Amino acid sequence: MSGIYIHVPFCRKKCSYCDFHFSTTFEGYRTAMVERMLGELKHRIASWTHSIETLYFGGGSPGLLTPTELEAFFRIMYPYLPKTEKHEITLEANPEDLTEQNLLAWKDIGINRLSVGVQSLQDHLLQWMNRNHTAKDALLGLERLSRHNFSLSIDLIFGVPNQGVEDLEPLLALVQQQAINHISAYGLTKEPKTLLDHWLKKGTYKFLEDEEQVAHYQYVRNRLMAFGFEQYEVSNYARHQAYSIHNSNYWKRKPYMGIGPGAHSFDGNQKRRWNISNNAQYLKQINWFEIETLDGIDEWNEHWLTGLRTQRGILHQTITALGGLSAKEKKTITELIETKRLRLSSTGYHLTDEAFMEADRISSLLFRIH
Ligand code: SF4
């Protein structure tokens, strides 16, 4: 099974914390970009040998694509989808994209899952994030959406300067009231070259202390657990098994094809490819992608990094297939178990609930070095 990811490199505004690849001045070359991405998809999908299970429109802001533009991608992909299965077809949308017209068109095209960037229901925080929507826009959009039959995920950001745990409550309460079954909850991170980075350097804002970040994380986690959610990945919670199949496949290291500038691909084995994060260069097709061949050490490190971020953990069978644990690694694991950061089960090793937030740091203790 595999997935296709389409990266739409346009946004209306630049959110203060975001370092994804996108441009806000795209109208001059919008059509050319869509054509070029369709060309890439057409060319690459013809030689893609894996069965396709999921499609995902991300970005950037794929909600900016017109229904006609979206349909053009589907016309290329449909002949390659196995007819016997139900596919998870996700579109990332912002609250302001949730118009009646768009919702009807998306449904018609075949999109069955929406991931909506709500982030907060506090206007002062949305303004700080430089989001293009208000809390009212989000509520109206979600209300409209509730009359259509989409599987729904929403995003929430915690750990924002000037955000208290009480500011997290309105969005969490909405999740419960509207029976939303998937939520991605991200702690704010400092990314270079963002407005946030500039503010922090100038001293305009101060990043939350670690303990405050942890308090936010625990508040979100505890509330969601009380609502019956499972934390199936460090930042992702689902109830009634409404897991994101597409993202779960990334963590299981299944193959995926990424289309568009900045998109990554993986053959499910040893080859990773990434397209250049530069719209002009991608359009001109000059040095526009690179391919890396992973060796056994890269593979080992990736398994620990992605595995420990999930509830599934890293499987014993994976460790055995990669040659087993060295004496030093066994010692590290024993220490992590003794200090209650790692847990052993019949299937593999998993982080304990308390250690989930430190997933990346703990997996790095088991990395191998070239
Ligand atoms: S967070 Fe989303 S909408 Fe905001 S700039 Fe980044 S990609 Fe665009």
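Here is a short tour, from the core to an aromatic pair and then a helix.

This is a predicted model, where local features need pLDDT of at least 70, side-chain atom pairs count only at pLDDT 80 or more, and totals for chains, interfaces and linings use all residues. Residues are numbered from 1 along each chain as its sequence is written, and side-chain values use heavy atoms, leaving out hydrogens and water.

**Stop 1: the core.** Select Ile 6, Phe 73, Trp 106, Leu 114 and Ile 154: they have the most contacts inside the largest nonpolar core, which has 80 residues. A nonpolar core is a set of buried (under 20% relative accessible area, 1.4 Å probe, protein chains only) Ala, Val, Leu, Ile, Met, Phe, Trp, Tyr and Cys residues joined through side-chain atoms within 4.5 Å.

**Stop 2: two rings.** Now pick Phe 57 and Phe 73, both buried. Their ring centres are 5.9 Å apart and their planes sit at 85°, so this pair is edge-to-face (centres within 6.5 Å, planes over 60 degrees apart). Phe 57 is in strand β2 (residues 52-59) and Phe 73 in helix α2 (residues 67-77), so the pair ties together parts 16 residues apart in sequence. Strands (E, at least two residues) and helices (H or I, at least four) are DSSP runs, numbered from the N terminus.

**Stop 3: helix α11.** Select residues 296-308. How many of the 13 residues of α11 are buried? Ten are, including Trp 300, His 303 and Trp 304. At the start of α11, zoom in on Asp 295: one of its side-chain oxygens comes within 3.1 Å of the backbone nitrogen of Ile 297.

Key:
The expected span of a helix is 1.5 Å times one less than its number of residues. Buried means under 20% relative accessible area, exposed over 50%, partly exposed in between (1.4 Å probe, protein chains only). A polar contact is a pair of N or O atoms within 3.5 Å; within protein, one must be able to donate a hydrogen and the other to accept it, and residues adjacent in sequence count only if both atoms are side-chain atoms. Rings of Phe, Tyr and Trp (its six-membered ring) pair if their centres lie within 6.5 Å; planes under 30 degrees apart count as stacked, over 60 as edge-to-face and the rest as tilted.
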